[in-house]
Every structure is written in structure tokens, then in C-alpha cells.
Amino acid sequence: MEPATGANNNKDQIVDVRSVVEAVSADDSSDAPLYKVESLCMRCGENGTTSFLFTVIPNFRKILLSAFECPHCNERNNEVQFAGELQPKGCTYRLEVPSGDPKMLNRQVVKSEFATIKIPELEFEIPPDSQRGTLSTVEGILLRAADELQALQEERKRVDPQTAEAIDQFLLKLRACATGDSSFTFVLDDPSGNSFIENLFAPSPDPSLSIKSYERTPEQQSVLGYVVDSSQTGHAHDIAATNPIGPDQEQRVPHGSIGAAAGHRAIAQSNTEEISEALFRYSAPEEVMTFPSTCGTCTAKCETRMFVTNIPYFQQVIVMASTCDACGYRNSELKPGGKIPDKGKKITLCVKKVKDLSRDVIKSDTAGVKIPELELELGSGTLGGLVTTVEGLITKICESLERVHGFSFGDSHDENKKSKWLNFTASLNKLLSLEEPFTLILDDALANSFIAPVTDDMKDDHQLLFEEYERSWEQNEELGLNDIDTSSADAAYITQEMEAADKTQV
């Protein structure tokens with residue numbers, strides 16, 4: 001059947017699945033009509049109707065609402081499916097909920113189809129397949145979980161009374177958390193990065209809510225639908241077996257890669273220090289290396305270019321850039337080279353002039369951003385790693401806050417909080433016009449961030465201040481530095497040096 005062109009015509013007309021897919025794949029969803037598709041009822045075997053609506057919800061971006069109804073047996077169900085892009089990193093939201101505070105339970109929660117919810121105090125977990133695609137509140141999610149556990153209790157009491165009694169005791173604790181009678185921790189972990197918990201103090205930091213971003217594991221990448229190299233999941237194959245080269249055949253390698261086997265091996269092992277040493281050994285400084293890779297968008301074969309360079313007043317860095325000829329996707333990344341610094345670094349810039357907005361900024365994925373004049377603070381991991389300018393960083397912050405705190409623009413939000421957010425957004429935009437001076441602070445525990453000076457000698461730039469500090473135990477623990485034991489490696493290096501010294505003397 002031919003799809004209808006207007007929303008009113010689609011209201012009662014059944015269309016084919018292909019028309020729905022084409023409609024929901026379109027970029028313009030501002031006036032998306034309601035589509036209906038004839039589909040099979042899994043209860044009675046007759047044909048029912050599935051309705052689709054493609055829309056945009058604040059803080060949840062593009063979603064696909066689907067509802068099925070069977071006129072023969074009155075079977076009904078509905079689902080919310082995510083229809084937007086996956087975020088570059090996964091995220092973990094941790095909410096501390098005290099007892100006797102109903103506002104905490106009324107926080108809006110978006111749980112995507114890949115997210116897991118945990119309550120450590122009860123050793124309770126809601127897996128991704130349960131309550132998938134949910135837009136609810138903390139209270140609503142817990143009550144729904146309790147109702148689902150309660151549904152089969154009568155049958156459990158007949159079959160396994162002991163298990164049923166244990167579940168009854170657990171339900172009392174779960175409902176106590178849902179009603180605010182008990183304090184608990186609400187943990188939302190989503191490798192796709194598309195789940196959220198509302199910040200009641202937005203745009204200011206929430207003392208009860210912490211957000212962390214993390215790199216996905218190969219297993220998580222595979223679950224999300226990415227093409228993962230078999231070597232990353234522990235099933236490595238010999239490259240020579242999959243791409244054999246005969247004795248009389250010449251292996252063709254991209255320009256700039258000849259003799260860089262050690263560099264390729266270091267890249268596979270993610271050893272930044274070895275990457276630097278290998279590249280400087282096998283290639284001249286700033287010579288571009290090229291090696292094959294896979295496009296993260298269309299999974300086609302593409303090339304990644306990489307070179308090592310030194311940034312004045314900063315350190316050695318590795319620049320990587322990928323371009324896909326098939327779909328046009330482009331990506332660039334900057335990684336620090338060399339060893340892990342002994343101290344963290346805090347960079348303070350007083351922005352007074354228009355030219356200060358053009359200063360180059362390198363923000364690593366371990367750096368936090370603060371603007372004291374607006375009481376704005378972004379934790380480490382927010383925005384990821386960036387190579388930009390001061391103006392570009394402020395623009396990225398605006399876009400990120402609008403995405404993360406999209407609840408503030410929804411029709412369910414009260415006018416006072418909405419006006420508060422709009423005023424803050426206006427104040428943030430005023431920074432770009434430099435109506436008033438402001439202070440930009442980058443706090444990086446690994447000292448891998450940098451703001452460029454405007455003078456030849458950094459000491460002559462009085463608007464820029466660099467401070468080093470000792471990392472706390474908590475910061476080292478978060479970075480995984482407390483568990484690093486290099487004693488065996490140190491002993492091996494000492495032994496090698498002693499053997500080399502003995503051979504030299506002989």
C-alpha cells in the first residue's frame with residue numbers, strides 16, 4: 001500500500017513496514033505523523049495493529065514509540081525504543097537517596113535499552129532487558145520492579161514456599177526504598193551513554209548525584225552492535241593466515257609505515273610510551289604513519305594517520321586522525337605521550353580580551369572544567385578529550401549542558417526552574433561576547449591538559465597560571481595508580497643494566 005502524506009491520512013490507514021522505516025529514518029521529525037502497521041498477535045495468532053510515532057523528547061533526543069493492540073483478544077503492549085546516535089563513551093550515574101526525602105524519589109530517569117540499574121544495599125539489579133526504554137522516576141522504576149516480582153508470588157508459594165517467603169521479605173525492603181522509608185544508592189550504568197538521571201540543582205552541581213564516563217570494553221562494544229576485532233575479545237587470529245603472502249609476492253604497505261612494526265605492536269597494546277619510542281626510532285619526528293583500521297560508523301575499511309610531535313611548553317603528544325571514504329566519517333584524537341606525571345596540574349586563565357578566546361586549549365579526558373563566576377563545574381571525563389580554543393570549549397559546554405539537562409526544557413518542568421536554566425544559558429552565552437571578564441580553570445590529575453600562552457615566554461603571560469599539586473589517594477585510586485606494582489619490572493631493568501655494564505667492562 002502507498003503511505004499517506006499527511007498526519008490525518010495516516011491516522012486510520014495501514015502502511016507497510018518499509019514506509020515506516022523510511023519515515024522514522026528521516027532527519028526532520030518536527031511534524032512526524034502516526035503510522036500503523038498490521039502485525040501478528042503472539043497471544044491468539046490473529047492480526048493486530050502496531051502504531052509507530054517518531055518524536056523527540058527533551059533529554060532523550062529521538063525516540064520511537066510503538067504500541068500494539070489486538071481487537072480479537074484485547075492484547076496490548078507498548079515500548080519506547082531509542083532512535084538516536086550512541087555516545088562516544090559509556091556513563092555511570094550514582095544517586096545517594098536519603099530516607100524521608102520524597103523529592104529525591106521524584107527525579108526523572110531515562111533508562112535506555114542497554115542500561116542496568118543496581119541497588120548495592122539490597123544486592124538488587126534490573127538488567128537491560130527489563131524495563132527497557134523507560135522514561136519514569138526513581139520511585140516509578142522501583143515500584144514497577146516490585147510489582148513484577150509480586151506477579152508470580154502465588155504460584156511460587158505453591159511450588160517453592162521458601163523462595164516465595166524470601167522474596168516477600170525482599171519486597172518489603174524494596175518497597176521501603178520506593179516509599180522513602182529507607183536510604184539507598186541508585187546506580188544507573190549505561191555503556192551506550194544514553195541514560196540520564198535528573199539534576200534537581202541544574203545547572204549547578206548536585207551533591208547527591210555523581211556522573212562518570214568510561215571507555216567501553218570490547219564486549220560492550222559488541223553488544224552495542226559495533227564490529228569488534230576478534231583479537232580484542234581474546235580470540236586472536238594469525239594475520240598471515242587471514243591475509244597470506246606468497247614468497248614471490250611483495251607486501252604493499254601505506255606510505256610512511258615501512259619499518260614501523262614495533263609502532264604497530266605498541267599501538268595494539270595501548271602503550272603510549274612505547275609508541276613514542278618506536279615512532280622516534282623508526283620514523284623521523286612528525287613523519288605521518290598510516291595503518292589500516294575500521295570505520296566506527298559504517299564498519300568499512302579505512303585508514304588512520306598518526307604522528308608524534310612536541311607542543312612547546314607542554315609535552316610530547318600523539319595525534320591520530322581517521323577518514324572513511326565510504327560514508328565520509330571523520331574523527332581525530334590526541335593522546336599524551338611519555339610517562340605518567342608525578343603530580344597533577346591546575347591551569348587558571350583570566351579571560352579579559354577578545355583574543356583570549358582564540359587561545360589554543362588541550363583538554364584531556366581526565367580534566368575537569370570550572371568557571372567560578374557562574375558556579376559551573378564539570379567533572380573529569382565530561383566532554384572527553386578536546387583540542388580546541390577557549391571559545392570552542394565554552395560552546396561545547398553549552399551544547400553538553402543542553403543535552404544532559406534537557407529536562408529543564410520539557411513541558412513537565414515548572415516555570416521557575418525553566419527560567420532559572422534559561423538565565424544560566426544566557427549568562428554562559430555572554431562569556432562568548434566577553435561582556436565581563438571570567439576565569440577558566442582546568443584541573444587535570446594527570447597533567448595532560450594545556451592552555452597556550454600569548455607571549456614567547458610563559459612567565460610574561462600574567463593572565464595564565466600553572467600550578468602543580470600532589471594527587472590525593474582517591475584520585476590515584478580512580479586512575480588505577482594505587483594498584484600498579486612496577487617492582488618486578490624495575491628489578492628486570494636493573495639486572496639488564498648491570499649485565500650491560502659487565503659486558504662493557506669485559
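The legends below describe close-up views of a predicted model.

**View 1. The chain as a whole, given as context for the close-up views.**
The chain of this predicted model contains 14 helices and 24 strands. Of its 506 residues, 37% count as buried. Among the contacts in the chain with a separation of 6 or more, 59% are accounted for by residues 24 or more positions apart.

**View 2. The packing of helix H4 against helix H6.**
Two packed helices are described by the angle between their axes and the distance between the axes. Helix H4 spans residues 138-150 and helix H6 spans residues 161-178. Their axes come within 9 Å and cross at roughly 165°. With angles over 145 degrees counted as roughly antiparallel, H4 is therefore roughly antiparallel to H6. The crossing of H4 and H6 is left-handed. On the H4 side, the contact is made by Glu139, Leu142, Leu143, Ala145, Ala146, Asp147, Leu149 and Gln150. On the H6 side, Asp168, Phe170, Leu171, Leu174, Arg175, Cys177 and Ala178 take part. Sorted by class, the residues of this contact comprise 10 nonpolar, 1 polar and 4 charged.

**View 3. Leu143 of helix H4 and its surroundings.**
Leu143 lies in helix H4 and is one of the residues that make the contact with H6. Leu143 counts as partly exposed because its relative accessibility is 28%, a value in between the limits of 20% for buried and 50% for exposed. When residues up to four places away in sequence are not counted, Leu143 touches Arg175 and Ala178. Both of these partners belong to the H6 side of the helix contact. Leu143 and Ala178 are separated by 35 residues in sequence, while their C-alpha atoms are 6.2 Å apart in space.

**View 4. Ala176 of helix H6.**
Ala176 has its place in helix H6. Is Ala176 buried or exposed? Ala176 is buried, because its relative accessible area is 16% and the limit for burial is under 20%. Leaving aside residues up to four places away in sequence, Ala176 touches Asp181 and Ser182. Ala176 and Ser99 are 77 residues apart in sequence, and the distance between them, C-alpha to C-alpha, is 9.3 Å.

Strands of a sheet pair through backbone hydrogen bonds, either parallel or antiparallel. Strand E17 covers residues 344-351 and is mostly covered, with 6 of its 8 residues buried. Strand E24, residues 464-469, pairs with E17 in the antiparallel sense over 6 bridges. Within this pairing, Gly344 has Tyr469 of E24 as its bridge partner. Strand E22, residues 438-444, also runs antiparallel to E17, and 7 bridges join the two. Here the bridge partner of Lys345 is Asp444 of E22.

**View 5. An open sheet of four strands.**
The 4 strands of this open sheet follow the order E13-E14-E15-E16, with antiparallel pairing. Which strands stand at the edges of the sheet? Strand E13 (289-294) and strand E16 (330-336) do; each has a single partner strand, so one side of each is left without a neighbour in the sheet. From one strand to the next, the twist averages 25°. Strand E14, residues 301-310, and strand E15, residues 316-323, pair in the antiparallel sense over 8 bridges. Arg305 stands opposite Ala321 in E15.

Most residues other than glycine have a negative phi. Glu123 is not a glycine, yet its phi is positive, at about 55°. Glu123 is found in the loop between strand E7 (116-119) and strand E8 (124-126). With a relative accessible area of 77%, Glu123 is exposed. Ala447, which is not a glycine either, has a positive phi of about 55°. Ala447 is found in the loop between E22 and strand E23 (450-451). Its relative accessible area is 8%, so Ala447 is buried. Glu123 is thus an exposed loop residue, whereas Ala447 is a buried one.

Note on methods:
Residues numbered from 1 in each chain as written. Predicted model: local features only at pLDDT ≥ 70, side-chain atom pairs only at ≥ 80, totals over all residues. Heavy atoms only, no water. Axes fitted to C-alpha atoms, helices over the stretch in contact; angles between N-to-C directions. Parallel < 35°, antiparallel > 145°, perpendicular 65-115°, else oblique. Left-handed = near helix turned anticlockwise from the far one by under 90°. Contact = heavy atoms within 4.5 Å. Nonpolar A, V, L, I, M, F, W, Y, C, P; charged D, E, K, R; others polar. Buried < 20%, exposed > 50% of the residue type's maximum accessible area, 1.4 Å probe, protein only. Pairing = 2+ DSSP bridges.
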